[in-house]
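Good morning, and thank you for coming.

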Amino acid sequence: MTGVDIRAALRAQQIEVPSWAYGNSGTRFKVFAQPGVPRTPEEKIADAAQVHAFTGIAPIVSLHIPWDRVDDYAKLASYAAERGVRLGAINANVFQDDDYRLGSVTNPDPRIRRKALDHLLECVDIMDATGSRDLKLWFSDGTNYPGQDDIRARQDRLAEALRVTYDRLGPDQRILLEYKLFEPAFYTTDVPDWGTAYAHCLRLGEKAQVVIDTGHHAPGTNIEFIVAFLLREGRLGAFDFNSRFYADDDLMVGAADPFQLFRIMHEIVRADALRPESGINFMLDQCHNIEPKIPAQIRSVLNVQEATAKALLVDAEALAAAQAAGDVLGANGVLMDAFNTDVRPLLREVREEMGLDPDPMTAYARSGYAEKIVAERVGGQQAGWGA
Ligand code: LRH
Ligand code: MN
């Protein structure tokens with residue numbers, strides 16, 4: 001790739017940020033409230049628009065239902081457009097209702113399965129109103145003890161709900177099926193790994209794709225292998241980017257393992273899948289439990305951008321030649337040269353070319369927006385997971 005192409009690819013990069021990252025979040029031990037936190041979906045979108053204003057590459061905001069429920073979704077989409085962003089994936093939520101204690105779409109009780117399915121179908125109605133392409137499905141469904149329920153029967157129930165939802169999709173709409181190894185279930189999880197998600201997507205059809213949440217794997221999992229495999233199969237629909245030291249920590253992407261993020265973006269670039277037209281949705285899925293949320297989102301977007309720039313700098317020809325020659329150290333060296341390249345000067349120039357301040361973090365800090373929202377957002381119910 002020439003320098004010109006690399007800059008063009010970086011200017012065209014699009015990252016989708018999660019509305020819930022701007023609300024209060026925490027762990028089972030404590031959800032810490034922060035001053036200035038949004039109270040409404042509109043205020044979450046206004047904060048997300050700040051991230052795009054300073055990075056230039058985060059023009060899309062994911063919604064989560066019911067956390068972002070409003071009376072008029074078309075009006076919410078216009079509100080977003082007025083602030084330079086658009087509404088992205090619609091996340092269903094069948095993990096926070098007492099009825100879902102033993103599962104949602106996999107629950108032994110058909111009445112509860114129907115209730116969960118109705119929510120999934122409601123989310124497609126919302127997509128029709130927001131103009132969103134993606135229905136993102138993560139199921140907390142699972143069991144805690146051997147024998148608690150029939151593993152195969154739960155797969156049958158899951159497949160049935162996915163089929164009905166899939167058949168409801170419009171021609172340009174997709175299902176993004178997310179897997180997770182464990183939590184909140186601690187014995188079986190009904191969609192625990194990429195293979196299970198992939199198998200369900202194959203049965204559904206072309207409009208069903210897999211989401212890779214980088215925090216949802218067993219320690220030591222080679223995530224870039226899963227990326228390369230699903231790209232080859234044409235079934236990689238999206239990422240939920242974050243990072244972790246232990247489990248589903250939902251920390252800032254690239255914070256815990258920038259080298260892993262680089263290796264993932266290397267597989268994306270190698271497959272020419274960075275372009276927005278590739279159909280891959282690069283989303284963040286994070287919780288800023290203790291750090292200020294908007295700067296944390298800006299930092300996260302920059303971490304993805306830096307990993308992407310390094311991946312774009314890989315000398316693909318030299319790499320292919322070394323691989324073909326069986327030159328193990330040579331091939332590894334080509335990749336490490338790119339990873340060890342300081343891309344910050346290049347990215348400062350790209351931002352200037354985009355008419356942006358070369359240093360988004362300090363530019364945001366200087367903007368006074370943080371102080372403005374603390375002063376304005378007094379009273380009302382701060383947004384959160386409501387768990
Ligand atoms: C589950 C998950 C899923 C979202 C939720 C906010 O752990 O990754 O993507 O619905 O976080
Ligand atoms: Mn996720």
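This is a predicted model: local features need pLDDT of at least 70, side-chain atom pairs count only at pLDDT 80 or more; totals for chains, interfaces and linings use all residues.

**The metal site and its surroundings**

Along the chain, the donors of the manganese ion (ligand 2) follow the spacing E-x34-D-x26-D-x44-D. Within that pattern, a pair links distant parts of the chain: Glu178 is in strand E6 (residues 174-178), and Asp285 is in the loop between strand E10 (281-284) and helix H9 (293-312), 107 residues apart. Helices (H or I, at least four residues) and strands (E, at least two) are DSSP runs, numbered from the N terminus.

Residues are numbered from 1 along each chain as its sequence is written, chains are lettered from A and ligands numbered from 1 in the order in which they are written, and side-chain values use heavy atoms, with hydrogens and water left out.

Which protein residues donate to the manganese ion (ligand 2)? They are Glu178 (OE), Asp213 (OD), Asp240 (OD) and Asp285 (OD), at 2.1 to 2.2 Å from the ion. Donors here are N, O and S atoms within 2.8 Å of the metal (3.2 Å for Na, K and Ca); water is not among the atoms, so sites may look incomplete. The site has 6 donor atoms with angles of 73 to 169° among them, and is octahedral. For six donors, that term requires opposite donors over 155 degrees apart and all others between 65 and 115.

Are Glu178 and Asp285 buried or exposed? Glu178 is buried, because its relative accessible area is 3%, and Asp285 counts as buried at 10%. Buried means under 20% relative accessible area, exposed over 50%, and partly exposed in between (1.4 Å probe, protein chains only).

I turn now to ligand 1. The residues around ligand 1 include Trp20, His64, Lys136, Trp138 and Trp385, together with Glu178, Asp213, Asp240 and Asp285; a residue is near a molecule if one of its heavy atoms lies within 4 Å of it. The shell divides into 3 nonpolar, 2 polar and 7 charged residues. In this division Ala, Val, Leu, Ile, Met, Phe, Trp, Tyr, Cys and Pro count as nonpolar, Asp, Glu, Lys and Arg as charged, and the others, Gly among them, as polar.

An oxygen atom of ligand 1 lies 3.0 Å from a polar side-chain atom of Asp213. For the side chain of Asp248, an N or O atom is 3.1 Å from an oxygen atom of ligand 1, and for His216 the corresponding distance is 3.2 Å. The protein covers 97% of the 300 Å² of accessible area that ligand 1 has on its own, as computed by the Shrake-Rupley method with a 1.4 Å probe.

Finally, some features of the backbone. Most residues other than glycine have a negative phi, and most peptide bonds are trans. The peptide bond from Ile65 to Pro66 is cis, with omega near 20°, and Pro66 lies in the loop between strand E2 (60-64) and helix H3 (73-82). The bond from Glu183 to Pro184 is also cis, with omega near 10°. Glu183 itself has a positive phi, near 75°, and is partly exposed, at 36% relative accessibility. Asp250 has a positive phi of about 55°, but counts as buried at 8%.

Note on methods:
A polar contact is a pair of N or O atoms within 3.5 Å; within protein, one must be able to donate a hydrogen and the other to accept it, and residues adjacent in sequence count only if both atoms are side-chain atoms. Four donors count as tetrahedral if all angles lie between 85 and 135 degrees; four count as square planar and six as octahedral if opposite donors are over 155 degrees apart and all others between 65 and 115; anything else is irregular.
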